[in-house]
Each structure stands twice: as C-alpha cells, then as structure tokens.
Amino acid sequence: MNLMMMFITFVFIIMIMINFIIPMMNMHKIINREKNSPFECGFDPFSSSRVSFSIHFFSISLMFLIFDIEITLIMPLPIMKSLILMKTWMTYSIMMMILLLIGLMMEWKEGSMEWK
C-alpha cells in the first residue's frame, strides 16, 4: 500500500510540474489583438470597412484575367494543328488572334493600361 501511495504522489507531483512548465514554454504565443486579427491583403482590418478603393487596381486585375484566359486558349494551338484540318486550324487561330488584338486595342483606346 505504501508503494502505491508513493507512486500516486510521484505522478501527482509530475503533473503539477508539467502544469507549471508548459505555460512557460509557450510564452512566445501570447495572444494579442494583432495576432488574432485576420490578414486582409495589406488593409488594416481595424479601420472602417468602407475605405475607398481605387478602381484602377480592379480594372488591371480584370484585364489580366481576360488576357490570361485568352492565352490559355492559344497555348494548345500547336497541338491542335496535327489533330484537325488545316483550314479549321487556321480559322480558329486567326479568330483567336483577332479577338486578342481587338481586346488589346479597346483597352489601349480606353486608357485602362495607362498608370495614373
């Protein structure tokens, strides 16, 4: 019985020591307002959410998406050349290039590509 009591006391003392040591090891993880706040792409999440946002950034991102999608349609053209008729391939290639150039001219004429 005495050995069992010593074992329980020993386990109890070890548990108390662990309860004191673990918080000391995690001192670098102190919770504060900055660490708990979500990162919002460089914007301060504690300020007003109705901050004016430059529409120019939005238009640049839309241009990137549009031209990026067109580029993904152009990339398989060399592979398609061996799989379909030459006339069909030429028609598709010319139409894609014309579409890309028309989009580029419209953006250029509108002035969206000029950084203000």
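1. Which residues of α3 are buried? In this predicted model, the buried residues of that helix are His56, Met63, Phe67, Glu70 and Ile74. Seen down the axis of α3, these buried residues fall within an arc of 60°, and they therefore line one face of the helix.

2. As for what covers the buried residues of α3, the cover includes α4, which runs over residues 77-81, and α5, which runs over residues 86-110.

3. On the annotation, an unreviewed UniProt entry carries the label "transmembrane region" for residues 6-25, 55-77 and 89-108. In the model, residues 6-25 are 100% helix and 0% strand, with the end C-alpha atoms 28 Å apart. Residues 89-108 are likewise 100% helix and 0% strand, and the C-alpha atoms at the ends of that span lie 28 Å apart.

4. Two remarks concern the aromatic rings. Lys81 lies over the face of Trp89, at 5.2 Å from the ring centre. Where pairs of aromatic rings are concerned, with ring centres required to lie within 6.5 Å, the count comes to 0.

Note on methods
Residues numbered from 1 in each chain as written. Predicted model: local features only at pLDDT ≥ 70, side-chain atom pairs only at ≥ 80, totals over all residues. Heavy atoms only, no water. UniProt positions renumbered as here; feature names shortened; annotations may be inferred. Helix = DSSP H or I, 4+ residues; strand = E, 2+ residues; numbered from the N terminus. Buried < 20%, exposed > 50% of the residue type's maximum accessible area, 1.4 Å probe, protein only. Arc of directions from axis to C-beta. Contact = heavy atoms within 4.5 Å. Phe/Tyr/Trp six-rings, centres within 6.5 Å; stacked < 30°, edge-to-face > 60°. Lys NZ or Arg CZ within 6 Å of the ring centre and 35° of its normal.
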